[in-house]
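Please read the following note alongside the sequence and the model.

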Amino acid sequence: MDWLSVIVMLLVVGMIVQCVRLFLSDCDLELQWAEKFGYATGTLKDKVVWITGASSGIGESLAYRLAADGCSLVLSARREERLQQVKQNIIDRGYLKKENILVLPLDLLDLKSHSDAVETVLKYFKKIDILVNNAGRSQRSLIERCPVEVDRQVFEINTLSPISLTKAVLPHFMERIAGHVVFTSSIAGKIGSPGLGSYACSKHALQGWLDALRTEMYPYNINVTSVCPGPVFSEALVHAFTDKIDTSLGVTMDPREKRMSSERCATLMAVAMANRLDEVWISPHPELFYVYLFQFLPSTAKRIAKVLGQDRVDKIKSGSASLHKTK
Ligand SMILES: NC(=O)c1ccc[n+]([C@@H]2O[C@H](COP(=O)([O-])OP(=O)(O)OC[C@H]3O[C@@H](n4cnc5c(N)ncnc54)[C@H](OP(=O)(O)O)[C@@H]3O)[C@@H](O)[C@H]2O)c1
C-alpha cells in the first residue's frame, strides 16, 4: 500500500470515529474534547462568577457546580427566597462559606438598575471575573396566533436585558484587560422550530450580537461564550410565554420526556467556561444531530424541516398535539 492510500484510510477511519463519537455524545465535538483532555472545571477556583437566573433550573445547578469548584458567587433573579435557599444549600454542602456568596435580587427587565447592581457587586467582591447571563423565558405559540406584544416581551427578557447587563459590566472588564461573558442561548438560537417563533427570534438575535461582541472584545482579552442547550429539565415550561399576554404556560416538565438534567448541562457549561470556548452545543439527540445538519446542509435541512414539520403544525392547530411536548 502506498503512503497516499494509508493517509486516505486514516482520514476515513478518523471521520468514522468522529461520527460515532458525535452520535454517542450529548455535546459538540470540541466540548467533548475539552471535557476529556482540556482544563478541568477546578481551574475556575477563586473566580468571582455572577449568575443571573440562579433561582431555578440551569442557573441553580450551575451555582452548585461552580461552588463545588471553589468560585465565589453572585446569585441574581427576582425570587429572593429561592436565591437564599440556593445559598443555604451551597453552605450546607460545605462548598463555600457564606461570605463567598452574595445574593443580589434583580428584575433584569429594569434596565436602569443594571449599573447600580454592578456597583454593588464590585463593592462586595472588588472584582467580577465571569458574568453568566443565564436568566430567560421560553415561549410556546404559533406565529399566526402570537401578538407582537408577546414578541416584544420575549425579546426584552432574552435579548435586551442580557445585552444591557453585559454593557454595564464591560467597562470593568475593559479596564482590567480581562473578563469572560457567558450567555445561555439555546439550540433555538441556531434553528427555529414551529411553536417557538418569538423565542427562536430572541436567541438568534442574541447569537448575532455575541459574534460581534466576541470580535470587538478580543483586543481586551475578554472572552465570550455562547452556550446552546437543547431540551433541559427546569421550570422553563412553567413560566413560558403563551399567545396570551400575562398568561404563562404553567406546565411542569414530564420526567419521562427525553431531556438532559440541569446538572449535566451545568457541568458542560462549566467545562466550556474553564476552556474559554466560544460556542458550545449541549443537547441529547436528535436535536444535536439537527444542529450539525442545519450547519452543514442548510438548504436541505430547512427543506426537510418544513415538509416534515407540517404534520406537527397541523396537529397543534387542531389541538391534537401539545405545543410544549418535544415530540
Ligand atoms: N430548559 C431548557 O430546555 C432550555 C433550553 C435551552 C436554553 N434554555 C435557557 O436556559 C436559561 C435558563 O432557563 P431554565 O431552563 O433554567 O428555566 P427556569 O428554571 O425557568 O429558569 C429561568 C431563570 O430566569 C430567571 N428570570 C426570569 N425572568 C427574570 C427577570 N425578569 N429578572 C431576573 N431573572 C429572571 C428566573 O428567576 P425568577 O423567576 O426568580 O426571576 C429563573 O432563575 C434561559 O435563558 C433559557 O432560555 C433553557
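This is a predicted model: local features need pLDDT of at least 70, side-chain atom pairs count only at pLDDT 80 or more; totals for chains, interfaces and linings use all residues.

1. Which side chains place an N or O atom at 2.5 Å, 3.1 Å and 3.4 Å from an oxygen atom of the ligand? At 2.5 Å the side chain is that of Y199. K203 supplies the side-chain N or O atom at 3.1 Å from a ligand oxygen, and R259 supplies the one at 3.4 Å.

2. The ligand, taken alone, exposes 880 Å². The protein buries 95% of that area.

3. Most residues other than glycine have a negative phi, and most peptide bonds are trans. The peptide bond from H285 to P286, however, is cis, with omega near 15°. P286 is found in the loop between β7 (279–282) and α10 (287–296).

4. K126 is not a glycine, yet its phi is positive, near 70°. This residue is found in the loop between α5 (114–125) and β4 (130–133). Is K126 buried or exposed? K126 counts as exposed because its relative accessible area is 64%, and the cut-off for exposed is over 50%.

5. R276 also has a positive phi, of about 50°, although it is not a glycine. R276 is found in the loop between α9 (262–274) and β7. Its relative accessibility is 36%, so R276 counts as partly exposed.

6. How many disulfides does the structure hold? The number is zero. C71 is in no disulfide, and the nearest cysteine sulfur, that of C265, is 16 Å away. C228 is likewise in no disulfide; for C228 the nearest cysteine sulfur is that of C265, 11 Å away. A disulfide would require a pair of cysteine sulfur atoms within 2.5 Å.

7. C71 counts as buried because its relative accessibility is 0%. C228 has a relative accessibility of 0% and therefore counts as buried. The cut-off for buried is under 20% relative accessible area.

Technical notes
Residues are numbered from 1 along each chain as its sequence is written. Side-chain values use heavy atoms; hydrogens and water are left out. Buried means under 20% relative accessible area, exposed over 50%, partly exposed in between (1.4 Å probe, protein chains only). A polar contact is a pair of N or O atoms within 3.5 Å; within protein, one must be able to donate a hydrogen and the other to accept it, and residues adjacent in sequence count only if both atoms are side-chain atoms. Accessible areas come from the Shrake-Rupley method with a 1.4 Å probe; for residues, only the protein chains shown count as cover. Helices (H or I, at least four residues) and strands (E, at least two) are DSSP runs, numbered from the N terminus.
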